[in-house]
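Visitor: Could you take me slowly through one part of this model, the nonpolar core, and explain each term as you go?

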Amino acid sequence: AVVELWGVLLPPRWVAVAGGSEEEEEETEEEAEEEPQLAEAALLEATGPELAAALPPRRAVVIQEDNSRKEYEVLGRFPLVDPWWRVNVKVKKMGSKYFVQGYPSYFLRTDIEENNRQVFSLFLKECAVPEDFKEKFFTWLPMDSVLSFRNLELKLKQFQVSHLPTGKKQRDTKDYDIFYYVLKSFAGKAVLVALAFPMILEFLPILLPRHFCCLLDMVCWQRKTEEGNGTDGEEIHFQDKMLTKLDEMLKNEPWKLGFSRITYRELNLSYCEATWAAFCQCEHLLWRIPELQKNALILYDQLKKKCREMGHTYEDQDELARFVSKVMSIEHAWQSLEFLKDQNIVIREKKQVFLPHLYKSEKDIAMYIGDLLSNHSWQLDVDVRKILNVSQTSREVVDNERNVIQAHEMEHLKENNLDSHNCENHFLEEKVGSMSGTQNKAEVDLDQAIAVEKICSNPVTIISGKGGCGKSTIVSCLFHHLKQMEKEVEAASKDFEEDLDASEEWNTFDDHCESEKMYTKKMLNVLFTAPTGRAASLLSEKTKLPAYTLHQIIYSFKSWRKSEQVQPWKFSTVTVLIVDEGSLVSVHVLSLVLKLLCEHAQLAKLIILGDTRQLPSIEPGNMLADIFEGLKSRGFSVELRTNHRAESQLIVDNATRISHRKLPEFDEVLKVSDWNEEMTMPSPEKKFILIALPAGGGCDNLQTAIRTLLKKGPGLQDARQSQFIAFRRQDCDLINELCCQHYSNHVTRDHKNRLLFQIDDKISCMRNTYLRDLLPDCGLGEGPNCRECKSGQTSLTSETAEEKRLCNGDIFFITGDVESDKQRLLTISSTYGSTFTVRYKALKKLCHIKHAWARTIHTFQGSEEKTVVYVVGNPGRQHWQHVYTAVTRGRCRVYVIAEEMHLRRAVTNKNMPRKTRLQRFLREAIAETSNCPKQTSSSLSKSCQSQEVETVSVTQGALDPPEPLTGLIKQERSPHLNKEQAGNFRQSPSKRQQSLAENSKDALKIPSVIEDSPLGSSRLKNLTLGQPTPRKLFKS
């Protein structure tokens, strides 16, 4: 039964909970997923102070009950644990301990009689008051005087006055000013807020548990002096009005705290709102909430719940009314819906009710894609066959770059006059068909050829296909190829600049050379991105080009905006965005990235790669499938159907079967019987193996199967090349325990139930963390850091340590474990070569490391491994997309461990289609853009001619973005464009670049030359001057 405790907090006997810490981590993880949009939503729009949302730590406290004076040891999330607080909590007894249900309420003890001096000494210590001030204060304090929080300030002031030399005004100095420390510290702020606004301490820890501590910390108490009554009477005054407003809100309209839109409007707090469940814990507040608002809170709670659980971006209003029909009448449901709409808390379109941030995300994606489509695409001019031949060979050879160079040396670029107005599929297919007709079918994959054509000619391309069909390969080959061309053009320009006879007009580079080198080092033109850190590192491995996570782009913009903005934003020159693993990307994150790159960079091409059959993001929306379908009719979507990995043909065939809800075909089925310990092992050439567990068996059979597999299963000898995947966390825990004993010879937890980590353990990060926060405390100088990287990587300079992140999902092996200067240091090496030595405590605290021999399907999505063991477990909510995603993680071999009935159920279970509106918004946006009048090339070339400054004119059969040679010199098209060229001349990002350069206050300082960009590939293809002068351009 649940008991309500009122009592005093006794000083905690120990700080952390033995054993509680681990379960607590998993809980935070689940709770953290509740409102994933906080960070990013607040990120771009919010002007208000940003709250670092985090649940208070879980700890054990001792509460002395008021009446019985009995002491209870209670476990829960307590933001404040000091002995000057009384708390009121509901607890439930389990075993000998009591567990908090919900969160505690706090009341300040104003009358502290026993241990009076000890408590206040502790309080001053918490406020970081220097020891000597504290000792002098207690020496000065008369023995018989009793301190209380109400008179503390007065006593501290009297103490200061008595210790100051005569003639010194007390407000002019910080000497002996203990109260100054109280004002600045968190403990002091909490007490002062409790004195001024007791309701805030009573209700906010329950209503806003994540934000309570940061709200207190944000408070700024300031002193306001009142002179005139002869004394130096000082009064505490309050700087921001936020707490006063918050207090009034709690007294009069507490329901407002349930809606982040209102807290943002009225308190300027970005994204914090109380849940309906939290209001239900505060009975005293509930009766102050009118019926209408109460119903609105319930309805809003249901809408958020449905979007979170089902992945919808909207819900039908009739459905919503049905969900709440047990709690309110239909009429009341309609009234509260109207109320929510009037307050702008939800958006209603026809009969659909949206959460605003999801509506805006889908609308924005459609708008930005529409904008990209309406700007005439600029055409990349490449020979598709050559690129595909390169990609065929480079599939075997990892080193793409060498192949691209060889391919490039064969012949120069082929002119390609594809009319990009005609984006229809048939046109491309005919062209490509006739082109590849001369070649072997084996040599060029037709789908890939179409995909490359589309990337070159269309502003938006969506490529879907299973693993191994070459999505990232063709993209990286294409851009390596363009990069190589650009290098050659660069070399030609260099020769050309060095020609001493060159006329003055040509010499535009002189002043800027130095600064140019400085800025272009970091400039990017093609931006490779992925939704997770793990997927980004895999992508950069495949492409040999830097890849970023989408969050890194958002955060880099955010920190740039906070900075001085002396240099342009790191990604301000991006013209092409490539998003890999599109199925994992939420609509929310994509909309933010598109917003940044369309408004603050020069985005002109968007390429999204992924597999539409895989599980969509765990956040609401169905981004990849919606965009793929929405753009299909216009010919912007391509499906790659051919598998190019010979070793995984069976896996791919089975993936197709699963996507049609058919059972996969196994080339070996092994049965685990109850009595027979030994199971025969499959031969190494078998690729898709079912290990069938007996029906209705317990977890013992699973353990037997896994133990036997670990001992003798082909492909599982090396944990670096194999991975276990399961749907349920509990299955993962069991497998990790068995793997830990097998690979590392120890158990996963100690007697206090804390996770143990030793050499040879396979671990993964559960949070993104900068490497610099984990390095041993030796300062980021050059010396100590060079040791960090023992692998073939360059030694870590402080700059790369600044940039380098360990990402959520990254997998490491512990290769070293030493004690140095009383610090435990672990050497961890990632699965792709880099090695770091980090502080164990920091790694555990910041990265939340866990054992990683087994991962859940969701956490391993976006990664792949040579051998994968998929444990189906009890199917529950598992459906075919889970099975599909799990088996496509394997590159060479897949084991499926399951009871046959469970597997059948999982494969035949239908996925609940997500309710989303992105497809419709896209069609509307495209319809609008196709109604726009098309710009004709003649008007374009006229406007180009009318520009004043004459510079090099750079044109190409189908234009790459000509970079402005300096921030000052405007681009100009030469009057000598022949008709064919003018026809091919599509608008490129250069125009936007100019306007950006003009708007930017740094335009004069910063040349926006993009040196090593893969797409700014032509400084010169046809170089002409206004009046051609008969001079030798290149040295012979």
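Guide: What follows looks at the core and then at one residue within it. This is a predicted model, in which local features need pLDDT of at least 70 and side-chain atom pairs count only at pLDDT 80 or more, while totals for chains, interfaces and linings use all residues. Residues are numbered from 1 along each chain as its sequence is written, and side-chain values use heavy atoms, with hydrogens and water left out.

A nonpolar core is a set of buried Ala, Val, Leu, Ile, Met, Phe, Trp, Tyr and Cys residues joined through side-chain atoms within 4.5 Å, where buried means under 20% relative accessible area, exposed over 50% and partly exposed in between, using a 1.4 Å probe and protein chains only. The largest such core here has 100 residues, and those with the most contacts inside it are Val74, Trp84, Trp85, Phe123, Leu207 and Leu257. At least three of its residues come from each of domain 1 (1-14 + 56-163 + 174-184) and domain 2 (293-354), the bounds being taken from an automatic or database domain assignment. Apart from this core lies another, of 47 residues, which includes Leu550, Phe571, Val593 and Ile608.

Returning to Trp85, and leaving aside its neighbours within four places in sequence, we find Trp85 in contact with residues including Gly7, Val8, Leu80, Phe107, Arg109 and Leu201, contact meaning heavy atoms within 4.5 Å.

For a view of burial elsewhere, helix H22 (residues 471-498) is mostly covered, with 20 of its 28 residues buried; helices (H or I, at least four residues) are DSSP runs, numbered from the N terminus.

Technical notes:
Helices (H or I, at least four residues) and strands (E, at least two) are DSSP runs, numbered from the N terminus.
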